[in-house]
Amino acid sequence: MSEVLHLQGVTKTYGKDTTSPVPVLRGIDLAVGRGEVVALVAPSGAGKSTLLHIAGLLDTPDAGQVVLNGRDMTGLSDKVRTEARRAELGFVYQFHHLLPEFSAAENIVLPQLATGVSQREAAERAADLLGRVGLSHRADHRPAELSGGEQQRVAFCRALANSPALLLADEPTGNLDPATSDRVFDVLMSLVRETGLAALIATHNLELAERMDRVIRLSVD
């Protein structure tokens, strides 16, 4: 199984130039392989979101390496990192963050247009993804017209629109009731399995975590 993400010796401290520095990550080693779904479980304050931001090239570590698809991203320019995020990473958060003025389909089309995909190709890809999650009949509906579970399924589709190598999700079902959470998680797992990408999913839900391929736990010292 080839590695999509490899973090080696990653450290991060906030306020390191102050009298009260806050160490968050201390020498983190982590790898996620292609086709693997890994759960990231951590109590509040353990650095879960920081780790995801570093893995997603939204933040930089103080030390250590971030290797994405065999390429060391450490020290590269913001432009190169932005291009890598757009081409190789998909993000899903606890709140869907869909653009309210656009339909479900348009929310999936827009990130594709940003990479130069034609309107027709983007629309076809959006229709395919919505079909996979059972939302073809909701394609023209705006987020306010969708249920919470439907909104999050659209967010998954948007994250996969550009066929990323790695999906990063931060509490993707945390804002949903238990029954809806289970259904949405099943959809997420199906999408990941069908596309063969790697996924690192942060969650407080231990039952969902145990259904993934592997569980990584962060602790607070």
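A residue is called buried if its relative accessible area is under 20%, exposed if over 50%, and partly exposed in between, using a 1.4 Å probe and protein chains only. The model shown is predicted, so local features need pLDDT of at least 70 and side-chain atom pairs count only at pLDDT 80 or more, while totals for chains, interfaces and linings use all residues. Residues are numbered from 1 along each chain as its sequence is written, and side-chain values use heavy atoms, with hydrogens and water left out.

**View 1. Helix α1 and the residue that follows.** Helices (H or I, at least four residues) are DSSP runs numbered from the N terminus. Helix α1 covers residues 48-55, and because 6 of its 8 residues are buried, α1 is largely enclosed by the rest of the structure. The buried residues are Lys-48, Thr-50, Leu-51, Leu-52, Ile-54 and Ala-55. After α1 comes Leu-57, which has a positive phi, near 65°.

**View 2. The packing of helices α3 and α5.** Axes are lines fitted to C-alpha atoms, for helices over the stretch in contact, and angles between N-to-C directions run from 0 to 180 degrees. Helix α3 (residues 104-113) packs against helix α5 (residues 148-160) at an angle of about 20°, and the axes are 8 Å apart. The two helices are therefore roughly parallel to each other, a term for angles under 35 degrees. Ala-104, Asn-107, Ile-108 and Pro-111 of α3 meet Val-154, Cys-157 and Arg-158 of α5, where contact means heavy atoms within 4.5 Å. By class, this contact has 5 nonpolar, 1 polar and 1 charged residues, where Ala, Val, Leu, Ile, Met, Phe, Trp, Tyr, Cys and Pro count as nonpolar, Asp, Glu, Lys and Arg as charged, and the others, Gly among them, as polar.

**View 3. The packing of helices α5 and α6.** The axes of α5 and helix α6 (residues 178-195) come within 10 Å and cross at roughly 20°, so that α5 and α6 are roughly parallel to each other. On the α5 side the contact is made by Gly-149, Gln-152, Arg-153, Phe-156 and Leu-160, and on the α6 side by Thr-180, Val-184, Val-187, Leu-188 and Leu-191. The residues of this contact divide into 6 nonpolar, 3 polar and 1 charged.

**View 4. An aromatic pair.** Rings of Phe, Tyr and Trp (its six-membered ring) pair if their centres lie within 6.5 Å, and planes under 30 degrees apart count as stacked. Phe-91 and Tyr-93 form a stacked pair, 6.4 Å centre to centre with 5° between the planes. Tyr-93 counts as partly exposed because its relative accessibility is 30%.

Terms used
Angles under 35 degrees count as roughly parallel, over 145 as roughly antiparallel, 65 to 115 as roughly perpendicular and the rest as oblique. Rings of Phe, Tyr and Trp (its six-membered ring) pair if their centres lie within 6.5 Å; planes under 30 degrees apart count as stacked, over 60 as edge-to-face and the rest as tilted.
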